[in-house]
Amino acid sequence: MSLDYVKFSGGFEKFMPKEYRDMVEHGPFGKKISVSQMGSFKEILEEHPMCAGCAMTLFIRLAIIAFPNPEDTITVGTAGCGRLAISQAAIPFVYGNYGDQNGVASGLSRGLRLRFGDKPKDVVVIAGDGGTADIGFQQVLHSWFRKERFTTIMLDNEVYGNTGGQESGMTNRGAVLKMAPLGKKFEKMDMLQMAKVAGCAYVATVVPNNPRRVESVIKKAVLIAREVGSTYIQAYTSCNIEYAIPTDKVMEDAKNVENDRYQFTEYVSEEAKQYLAERYGYKEFLPKPAAPAAAIPNKA
Amino acid sequence: MSETVKAPETTGQPADSAVAAAKPAVRKDPHAEAKRQRVVTPEYLFLEAPRTKEFITGSEAAKEAIRRSNVDLAIAYPITPQSETMQLVGVLYGEGYVKEYYRGEEEVGVMAAIAGGSRAGVRCYTATAGPGTLRGLEGIASWPGHRLPVVAMFTCRVVNAPLAIQPDNIEVAYLLNCGMIVFHAENQQDMYDFTLAGFTISEKNDVTLPVGVCCDGFFVTHARGYVRMQDRSMKLPPREAWRGAVPVLDAENPPARLSRDAPVQKSNFMAYNIHAVWQQEVWAAVERSRKYINQYMGGLLTAENVEGAEAVIIASGSAAAQSREAVRICAEKGIKIGLIKIRSLRPFPTQELRALCGNAKLIVVPEFNYVGWLAKEVATAIYGFSKAKIIGGPRVYGGQSMPVELIVDEVESGLTGKKSTNVAQSSVMGGAVNQDDVAHFMRSI
């Protein structure tokens with residue numbers, strides 16, 4: 001993007017809404033912004049209709065801040081809570097049909113490459129656990145097997161939140177929810193393993209209570225997807241309504257779930273490591289003599 | 001073949017950089033011919049460019065249309081009787097006529113990816129048939145609302161149980177209500193012309209809609225016919241992404257449509273109003289395409305010997321081909337009968353039919369499906385403008401062919417007042433019909 005579209009035509013400044021003026025004057029477009037600066041700049045996503053205490057919303061805000069080139073990023077989603085927030089963001093969002101986000105992103109990213117060549121146009125899919133692991137499963141897996149160059153982010157609240165609390169494939173076994181009146185009868189789907197089997201170049205799990213880590217994985221995932229291949233981030237973003245988590249306990253729940261089943265994991269393919277090191281100066285991925293293959297940075 | 005095997009020894013560089021090196025001891029560039037294609041205006045291509053005739057199948061006709069259509073992205077998924085078309089488009093990709101191509105996972109994924117490609121601002125093409133059309137219909141039906149220019153081909157086949165691959169165009173009944181432009185090709189020539197014109201019409205600013213080019217499977221796709229084509233050194237101008245009625249999502253324009261229309265998901269009067277307005281926009285755009293169909297395709301219908309004829313056959317697709325032969329037989333029998341072939345089903349040639357059918361006594365509408373979607377369209381269009389008796393038949397389905405004698409029988413019995421043995425009384429409409437005859441059937445349906 002030329003950054004022109006977020007600027008005003010001369011003389012129109014005073015007629016523009018305050019929100020818009022703030023975005024132009026204090027927004028993140030064309031600047032290097034970090035989550036540690038939150039509160040000091042106008043965020044791409046601020047106002048939204050999500051429930052009080054929604055961890056998913058915090059995660060989406062963090063993710064959007066982490067986009068390396070927000071002015072050249074297009075998000076793609078599907079039905080679910082997440083899109084209610086994402087569609088309010090000041091960057092383009094494609095809301096297609098049920099579970100078609102990875103199909104749309106395949107055509108979109110290929111089309112943008114045809115038009116813009118090497119100029120980065122980042123396509124990021126952000127969809128829920130139902131959209132990704134259930135109704136969109138086939139297109140998600142096939143986009144990974146095809147090594148489509150875009151990022152897939154799952155907002156995993158382990159339930160169909162938007163439709164009122166039904167079991168999803170990512171629900172834990174035994175959980176009693178609508179459409180699972182006797183408790184879910186099979187295990188939470190292992191989408192992380194499937195992502196690796198399908199050939200994703202980068203796979204990570206995160207919870208929203210560590211903003212710097214969210215920022216770190218999103219950045220890596222988006223950068224790797226530019227050239228190396230598909231990347232997948234699975235984020236625990238609790239539904240405090242359907243799981244009856246008190247608003248002031250949402251972060252505590254995230255911590256507990258992190259310790260229980262959402263430990264931070266990160267898989268980076270060798271090609272992706274080399275790419276991040278050479279292209280973007282990621283020192284931790286610089287080749288070391290006789291380094292172990294599965295180098296996991298930071299603490300688990 | 002030996003030439004191409006020798007090639008890689010040049011410098012060990014990727015193929016595209018080797019081209020720039022322009023060594024005299026050349027290996028053959030598979031894209032050489034495609035690169036020499038030159039852009040011409042649609043007006044020249046459709047109306048002026050000289051044509052030569054070839055005897056080819058419908059699938060090959062579609063391929064030749066795509067060769068000249070400057071397509072950026074084509075996505076394939078096999079289904080009989082369409083498979084040959086999209087694999088031939090794959091050949092074009094290998095030759096550089098199509099810039100990007102892949103085999104999708106199935107039709108839901110294909111229609112989604114086509115939507116993504118069109119949103120990116122590139123020219124997109126796909127094709128499917130029967131069950132594939134219905135599988136992809138959620139996506140297809142959303143293209144018009146998102147104002148996505150696309151051309152899709154539907155090589156119609158059976159969709160009902162039991163599963164069959166045979167021709168039957170019932171899927172058109174579903175496509176008619178999506179808000180897309182729908183053409184129905186009679187033969188290989190139509191396949192070629194409608195596909196090429198489809199891209200141009202689809203991308204007109206005041207249209208910005210998908211175009212569906214339907215044909216009856218096998219009869220058109222697998223049979224050969226003469227097709228008059230412009231030279232393959234010419235192609236349409238590329239899609240101009242900025243030209244659409246809504247901005248493409250390339251992060252070069254302010255985000256638009258759903259990305260800023262979140263209230264559309266809410267249950268309030270604003271949401272209802274937004275959705276209603278979108279639908280009005282879509283169908284208004286369908287109306288606006290009429291002038292381009294007239295300009296580039298020579299009209300929404302063709303009429304032969306209709307003036308002064310006591311009976312008229314109205315048909316589309318393969319039924320029009322069969323009807324043309326029925327007209328010839330009727331002429332031999334001394335029955336003066338005309339033929340109207342509908343090319344564009346959406347928009348539908350309502351005004352044209354009213355003008356043409358005002359004095360007809362009998363209208364016969366033969367179809368290759370059980371439900372008779374065309375007869376309903378015709379009856380609705382001319383209601384109040386014609387006193388003709390309308391026979392909604394004969395109809396064949398499930399892969400049956402249509403003997404021309406069936407059509408001739410309906411013309412003869414329709415003119416003499418004799419009851420038909422092939423068309424249910426409930427499918428006979430019009431002011432001249434004895435309602436008592438029909439009443440029994442109307443009660444039982």
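Trainee: In what kind of crossing does H11(B) pass H13(B)?

Mentor: A crossing is left-handed if the near helix is turned anticlockwise from the far one by less than a right angle, and right-handed if clockwise. Helices (H or I, at least four residues) and strands (E, at least two) are DSSP runs, numbered from the N terminus. H11(B) passes H13(B) in a crossing that is right-handed.

Trainee: What kind of model is this?

Mentor: Residues are numbered from 1 along each chain as its sequence is written, while chains are lettered from A and ligands numbered from 1 in the order in which they are written. Local features need pLDDT of at least 70, side-chain atom pairs count only at pLDDT 80 or more, and totals for chains, interfaces and linings use all residues, since the model is predicted.

Trainee: Why are H11(B) and H13(B) oblique to each other?

Mentor: Angles under 35 degrees count as roughly parallel, over 145 as roughly antiparallel, 65 to 115 as roughly perpendicular and the rest as oblique. Angles run from 0 to 180 degrees between N-to-C directions, and axes are lines fitted to C-alpha atoms, for helices over the stretch in contact. H11 (residues 188–202) and H13 (residues 290–297) of chain B have axes 10 Å apart. The two helices are therefore oblique, as they pack at an angle of about 135°.

Trainee: Which residues of H13(B) make the contact with H11(B)?

Mentor: Two residues are in contact if their C-beta atoms, placed from the backbone, lie within 7 Å. On H11(B), the contact is made by Asp193(B), Phe194(B), Ala197(B), Thr200(B) and Ile201(B). On H13(B), the partners are Tyr292(B), Ile293(B), Tyr296(B) and Met297(B).

Trainee: Which helix gives the largest share of the side of chain B that touches chain A?

Mentor: In total, 32 residues of chain B are in contact with 32 residues of chain A. Helix H7 (107–120) and helix H9 (137–142) of chain B are the elements giving two or more residues to this side of chain B. The largest share, 10 residues, comes from H7(B).

Trainee: Is Glu171(B) buried or exposed?

Mentor: A residue is buried if 20 or more other C-beta atoms lie within 10 Å of its own, exposed if 12 or fewer, and partly exposed in between. Glu171(B) is found in helix H10 of chain B. Not counting residues up to four places away in sequence, Glu171(B) touches Gly130(B), Thr133(B), Leu134(B), Phe154(B), Cys156(B) and Val159(B). With 26 C-beta neighbours inside 10 Å, Glu171(B) counts as buried.

Trainee: What percentage of the residues in chain B are buried?

Mentor: Chain B contains 18 helices and 17 strands. Of its 445 residues, the buried ones make up 51%.

Trainee: Which residue does a cis peptide bond join to Arg346(B)?

Mentor: Most peptide bonds are trans. One cis bond runs from Ala161(B) to Pro162(B), with omega near 0°, and Pro162(B) lies in the loop between strand E6 (151–156) and H10 of chain B. In another, omega is about -5°, and the residue joined to Arg346(B) is Pro347(B).

Trainee: What is the phi of Asn70(B) near?

Mentor: Most residues other than glycine have a negative phi. Asn70(B) lies in the loop between helix H5 (58–67) and strand E3 (73–76) of chain B. Asn70(B) is partly exposed, with 18 other C-beta atoms within 10 Å. The phi of Asn70(B) is positive, near 55°.
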